[in-house]
Amino acid sequence: MRKSFLVLLILGIMTASSGCGVNDISEPETDGEIKIGVTVYDQYDTFISSILEDLNEDVLKARNETGRGIVLETYNSAQSQATQDDQVEEMIKDGCDVICVNLVDRTAPSNIIDTARNADVPIVFFNRELVDEDMHRWDKLYYVGADAFLSGIMQGELAVDVIREKNVDKNGDGEIQYVMLEGEAGHQDAIVRSENCVNRMLELGVKLDKLGYAIANWNRAQAATQMEKMIKNYGPEIEFVFANNDDMALGAIDAYNASGMNRGSWPYIIGIDGTDPGLSAVKDGTMAATVYNDAKGQAEAIFQLAYRLSCGESLSGLELQGDKYIRLPYQKITQENVDKFR
Ligand code: GAL
């Protein structure tokens, strides 16, 4: 099996007597060292890489606070579910106490669940949500993510604010001509964000005219290519660009920069995530607004679950919904409050 990415972060050596904490209900099976395996669908995805960075920080912090040896093994599945299935087998052979999985194909978790269940190693899925039925295939499955529909609603509301404050309806026809840049087909955040953004705007009384859409798989370069085509097709008609994430919004900005079109005639462009480059674009005004997808909070929830499960420690206080789900809230970001997020 080809592993294109493996980080082995060894964070201190554990003394045999250290425990997980005051709430221990059983001893870990390792020699006191905790091994957490993480596999992500694509390490080059900007939002996912920020979750990984935050997770590393949480591990370092916990190591300092507990004096415990904590090892984080991180794998990149490079968009192959077969590779990810193999990685999970490898992590289990390697003695991981818990596996954190950002699925490549959220409809295909079966091999991973079977492998983990046979070895009795709990799984914390994150960001790419399984269907509820799969989540109930074993009691040691957890999910950390966000309420996707809220991000769409917030994006719609932010766009309505812009429409009420600025001269968005350039042709004055009483409708907003827009295009949508969408994440991967079948991803819970793509479908739900697009639908809720548009529905919320309609609810708030804005008339919309959809000129086109393109799937750009969360990716900045793909979004730039797609946007370039839409600029050719619709030119100055486009008044708003909605992107399911910041990277695609930034791709749209790249396309407008390359188009040579006068900045004053660009449409308003809005994203979701609040990644570092997204926040900079909100700050400098090239992105009208974004919605904060709490990478830090999600990383912390993943770590808390992983750590406590490794130690056999109680999960109380983690605000698990239905004993399985932790969902972090989104927040609206505009030029006025962007500095709070940077
Ligand atoms: C979304 C996020 C996207 C992308 C995707 C990957 O929640 O907004 O930027 O990272 O997850 O699954």
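An open sheet of 4 strands runs in the order β8-β7-β9-β10, with parallel pairing (two strands pair if DSSP finds at least two bridges between them; strands are DSSP runs of E, at least two residues, and helices are runs of H or I, at least four, numbered from the N terminus). This is a predicted model, where local features need pLDDT of at least 70 and side-chain atom pairs count only at pLDDT 80 or more, while totals for chains, interfaces and linings use all residues. Residues are numbered from 1 along each chain as its sequence is written, and side-chain values use heavy atoms, leaving out hydrogens and water.

- At its edges sit β8 (208–215) and β10 (268–270), each pairing on one side only.
- Strands β7 (residues 176–182) and β9 (residues 240–243) run parallel and are joined by 4 bridges.
- M180 has F242 in β9 as its bridge partner.

**Helices on the sheet**
- Helix α6 (residues 188–203) lies across β7, β8 and β9, at about 160 degrees to β7 (axes are lines fitted to C-alpha atoms, for helices over the stretch in contact, and angles run from 0 to 180 degrees between N-to-C directions; contact means heavy atoms within 4.5 Å).
- Helix α7 (residues 220–234) also touches β7, β8 and β9, and makes about 155 degrees with β7.

**The largest core**
- The largest nonpolar core has 66 residues, and L181 is one of those touching the most other members (such a core is a set of buried Ala, Val, Leu, Ile, Met, Phe, Trp, Tyr and Cys residues joined through side-chain atoms within 4.5 Å; buried means under 20% relative accessible area, with a 1.4 Å probe and protein chains only).
- Helix α10 (residues 295–311) gives the most to this core, 10 residues.

Terms used. Buried < 20%, exposed > 50% of the residue type's maximum accessible area, 1.4 Å probe, protein only.
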